[in-house]
Amino acid sequence: MVTMEALHALTAELHAGFLTLAFISIMGVAVAQIVIRLREWMPEFLVRWSVKVRGYLEAAGYVGAVLGIIGLLLSAWTGMYAWPQDILLDHPTIRSKITLTAFATVMWAGIVFIRARFGRGLWTCPAMATLYVALTFVAFGILGTTGSMGAHLVQGGSALDPLWNFVGFDVSSDLILSTDLSFLLVITSVVLFVVSLYLAKRMDLFAVQLGPETCQKVFKWDEPRIEAEAPRNE
């Protein structure tokens, strides 16, 4: 019979693999977009390579992020039943891992939302593309931290230990905030969210469509489509 601990290990590896694919793919698209934008100063073979792979990387990043979120939710569910509840709530490293996993899930959900809302067109707007890439970088960093915590729980150490020693971070420490600070953060987040929705509605930002028709003439960035030839210089 398959134990819940084994299922948790499987789902953990599943979401880690998919989200690593998403991270590498999104970063690859970012590099390819820069190379193509600066093609006048780049080697021709590098521009051709960037044009050919960026569309595939963009699609892989989106699919990997979606499947990674599903894996994260499955991993959280199996993790709740893999060990007794008192251990989950009393162990500081596990509490910190649960908290950071929740943060990572929300951030990856935001990444998927941005991609679903604006499509490939987000890469035609430098500000939106920068937000997308930065959010991916932070989300993957948090995910790596939770993975390191899991390795400490199971194996007593992690491959990232040299990094944690260098920055002075103890992965076994309790990252849970105090009740008052948590309440303040929740209230502040809700207020900022409501204000953002109000401003977006007032400025009609929900109707914005990012793409070559609206952004390329201004920023001169094109979508990372799957194509065979490099775009010509205008």
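Buried means under 20% relative accessible area, exposed means over 50%, and partly exposed lies in between (1.4 Å probe, protein chains only). This is a predicted model, where local features need pLDDT of at least 70, side-chain atom pairs count only at pLDDT 80 or more, and totals for chains, interfaces and linings use all residues. Residues are numbered from 1 along each chain as its sequence is written, and side-chain values use heavy atoms, with hydrogens and water left out.

Start with the charged pairs. Side chains of opposite charge can pair when their charged atoms come close. A salt bridge here is a side-chain nitrogen of Lys or Arg within 4 Å of a carboxyl oxygen of Asp or Glu. The count by this rule is 5 salt bridges.

One of them joins R115 to E58, at 2.5 Å from N to O. This pair links distant parts of the chain: E58 sits in helix α2 (residues 44-82) and R115 in helix α4 (residues 92-118), 57 residues apart. Helices are DSSP runs (H or I, at least four residues), strands are E runs of at least two, and both are numbered from the N terminus. R115 counts as buried, at 11% relative accessibility. E58 is buried too, with a relative accessible area of 4%.

Now turn to E223. R120 forms a salt bridge with E223, and their closest N and O atoms are 3.6 Å apart. R120 lies in the loop between α4 and α5 (126-155), E223 in the segment after α8 (212-219), and 103 residues separate the two. E223 also meets R225 in a salt bridge, at 2.9 Å from N to O. How accessible is E223, buried or exposed? E223 counts as buried, at 10% relative accessibility. R120 is partly exposed, with a relative accessible area of 30%. R225 is partly exposed as well, at 41%.

Helix packing comes next. Two packed helices are described by the angle between their axes and the distance between the axes. Axes are lines fitted to C-alpha atoms, for helices over the stretch in contact, and angles run from 0 to 180 degrees between N-to-C directions. Helix α1 (residues 4-37) and α5 have axes that come within 10 Å and cross at roughly 150°. That makes the two roughly antiparallel, a label for angles over 145 degrees.

Which residues of α1 and α5 meet? H15, L19, T20, F23, I26, M27 and A30 in α1 meet Y132, V133, T136, F137, F140 and L143 in α5. Contact means heavy atoms within 4.5 Å.

Technical notes:
Angles under 35 degrees count as roughly parallel, over 145 as roughly antiparallel, 65 to 115 as roughly perpendicular and the rest as oblique.
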